[in-house]
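User: I have a structure open here and would like to go through it with you piece by piece. Could you take my questions as they come?

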Amino acid sequence: MISEPVKSGEPFKIAIVGGGTAGWMTANLMAARWGARNARITVIEAPDIGIVGVGEGSTPQLKAFFKTIGAEEADWMPKCNATYKNGISFHGWSDRPGYDHYFHPFPSPIDLHTTPAFYFNSHYRRQGFDLDANPDRFFLSAYLAEQRLAPKPAHQFPFDMAYGYHFDAYLVGAFLRDHAKSTGVSHIEAKVNHVSVTDDGEIASLLLEGGETITADFFVDSTGFRSLLMQETLGVKFLSFNENLRNDSAVVLPTPATAGYTNSQTKATALKNGWVWDIPLINRTGNGYVYSSHYCSPDDAETELRAHLDMLDDVSPARHLKMKVGQVEKHWRGNCLAVGLSQGFIEPLEATALHLVQATVEKFMSAFEKGGFANTNEEHFNRDISARFEGVRDYIVCHYRAARRSDTDYWQDNTANTNLSDSLRRILDCWFSRGDLKKEIAEQDISKYYSLTSWICLLGGYGNYPEAEKLKTPTPELTLYNLNINDDFIRRCALNFSDHKSFLSTL
Ligand SMILES: Cc1cc2nc3c(=O)[nH]c(=O)nc-3n(C[C@H](O)[C@H](O)[C@H](O)COP(=O)(O)OP(=O)(O)OC[C@H]3O[C@@H](n4cnc5c(N)ncnc54)[C@H](O)[C@@H]3O)c2cc1C
């Protein structure tokens, strides 16, 4: 129920401009929570402009999104060529022996059985003892990913796994559009040619091509990087993250699906001037090289991507994209909320964009229900969402800072980056001075963005430990955890999971 803000008896009128994933996710979330009796929602999109059409990996929060809108996996996944994602493995980011790849798991309840050993070994490895602290050995999901198993346990297994998805962005958009329309959301296909503003800086109406004028009580800007309402019309400032995140471009080239198996993880492989994603879908593999145009040209990036994919002789066209990395100064201003690329973007290394869309809309609805258009409400919400963007940004910046590669100017500059937030500086100081990382993360209250496990995986996964030749033999009390027992536990748990490709065919 929208309480106080609704004019008595009248449904609240919401106009969402933009029919990309962000616009349709917003429409579905608002329709699910407020219902047609409380909110009359219209999505306006310009088919000629189209959607960005990338964004094919998610975090586990997307599972909650589909649950909220009442869509079962068996309903939406086959329609979107979707697959399961146990997590992300990072390849080629470190030249330290034994650390050429590591896996970043999504936190799952079963990790409680294996993380004590991980934290312990990692802590004493940092103190210079010769203990195995490579993350891959400590997480069931790393094993599931390596064995290409689906994160869906047999009925008798007492733990659920956290997982994300991979999907076709166009097909998800179409599914969400049809789903929203089936719950009463209206859809107009037309370009917004002009946005009118009142004297006190609120959005008054939208003028569509063809002459129709749309009025509403509230407007959502989901117009992608253009940010037609929030940035272009209301002039809300864009705060760039370019100073600490250098990637500003991507080149995308799909390949056929792998024959005989389907991976259940995203792979992020470092190349000379950025990294390439490998996202397995049912019908194809999505590949995209995210790079910095300050270090290489689009042609060079495309050639490097083709070489990486063994497609130098292939003539299928690649797609080139520019990325605007940063966030708006205000995500909600007056009667306008920016959602999706129009509110900001952090490069896709941890596939967090749709997660931020979901968090923005859900937090907005809660804030709005509590206090409507009250300024204090808006300020509190804006601080919260900005902090969330910064929390995610710091974790991504840390990937580049903590990587152990120095073969190109790009990697030398990234690993020497001193443009760090205070928060990240403190994390790095704590790690390298062998301090108590758990305490540091708790003091900063940042585990709501990335957990202790995630930070240790990242910093340890690239081998940021004392050099092997300097390691001390562990004393008997430091060999507390027998990792063979750990390996055995994980292998036996994995017997409850089935082959990913076969599982998908049952949906
Ligand atoms: C290279 C790259 C990789 C990415 N990878 C991931 C990932 O793995 N995981 C993830 O979560 N996210 C990822 N993202 C982000 C993700 O793609 C977006 O967050 C998501 O697709 C939402 O985009 P959007 O809806 O905000 O914008 P868009 O898809 O650009 O949609 C904009 C909409 O606005 C409409 N529009 C624009 N102007 C007007 C107008 N004047 N009148 C009417 N309509 C208008 C367009 O028609 C369109 O419908 C990636 C992004 C990039 C660039």
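User: How do β10 and β11 pair, and over how many bridges?

Analyst: Strand β10 (residues 203–208) and β11 pair in the antiparallel sense over three bridges, where two strands pair if DSSP finds at least two bridges between them, and L207 stands opposite T213 in β11. Helices (H or I, at least four residues) and strands (E, at least two) are DSSP runs, numbered from the N terminus. Before going further, this is a predicted model, in which local features need pLDDT of at least 70 and side-chain atom pairs count only at pLDDT 80 or more, while totals for chains, interfaces and linings use all residues. Residues are numbered from 1 along each chain as its sequence is written, and side-chain values use heavy atoms, with hydrogens and water left out.

User: Which glycine has a positive phi in that hairpin?

Analyst: In the hairpin of β10 and β11, which has four residues between the strands, G210 takes a positive phi near 100 degrees.

User: And what joins β9 to β10?

Analyst: Strands β9 and β10 run antiparallel and are joined by five bridges, with I203 in β10 as the bridge partner of V197. Their hairpin has five residues between the strands, and there G201 takes a positive phi near 80 degrees.

User: What is the strand order in that sheet, then?

Analyst: The order is β9-β10-β11, an open sheet of three strands with antiparallel pairing. Because β9 (192–197) and β11 (213–215) stand at the edges with a single partner strand each, one side of each is left without a neighbour in the sheet. The twist averages 25 degrees from one strand to the next, taken between axes that are lines fitted to C-alpha atoms (for helices over the stretch in contact), with angles running from 0 to 180 degrees between N-to-C directions.

User: What about the sheet with β8 in it, which strands stand at its edges?

Analyst: That open sheet has six strands in the order β8-β2-β1-β12-β22-β21, and the pairing is mixed. At the edges stand β8 (186–189) and β21 (332–333), each with a single partner strand, so one side of each has no neighbour in the sheet. Strand β2 (residues 39–45) pairs with β8 in the parallel sense over four bridges, and E189 in β8 is the bridge partner of E45.

User: Switching to L228, is it buried or exposed?

Analyst: L228, which is found in helix α7 (residues 228–233), counts as buried because its relative accessibility is 8%; buried means under 20% relative accessible area, exposed over 50%, and partly exposed in between (1.4 Å probe, protein chains only). Leaving aside neighbours within four places in sequence, L228 is in contact (heavy atoms within 4.5 Å) with V192, V195, D221, T223 and T233.

User: Which residues touch the most other members in the largest nonpolar core?

Analyst: Of the 111 residues in the largest nonpolar core, they are I14, W76, W93, F364 and W455. Helix α10 (residues 375–402) gives the most to this core, with 10 residues. Apart from it lies another core, of 21 residues, among them V192, L206, L234 and V328. A nonpolar core here is a set of buried Ala, Val, Leu, Ile, Met, Phe, Trp, Tyr and Cys residues joined through side-chain atoms within 4.5 Å.

User: What does W455 touch?

Analyst: Not counting residues up to four places away in sequence, W455 touches D394, Y395, C398, L424, I427, L437, I441, I446 and Y450. W455 is also among the buried residues of α14, and since 10 of the 10 residues of helix α14 (residues 452–461) are buried, the helix is largely enclosed by the rest of the structure. Those buried residues pack against β5 (101–105), α4 (115–126), α10, α12 (422–432) and α13 (437–444). Just after α14, G463 takes a positive phi of about 80 degrees.

User: Last topic: how much area is buried between domain 2 and domain 3?

Analyst: About 430 Å² is buried between domain 2 and domain 3, of which carbon and sulfur atoms give 47%; buried area is the accessible area (1.4 Å probe) that two parts lose on being put together, summed over both. In domain 2, F103, A145 and R148 lose the most area to domain 3, together 84% of what that side buries.
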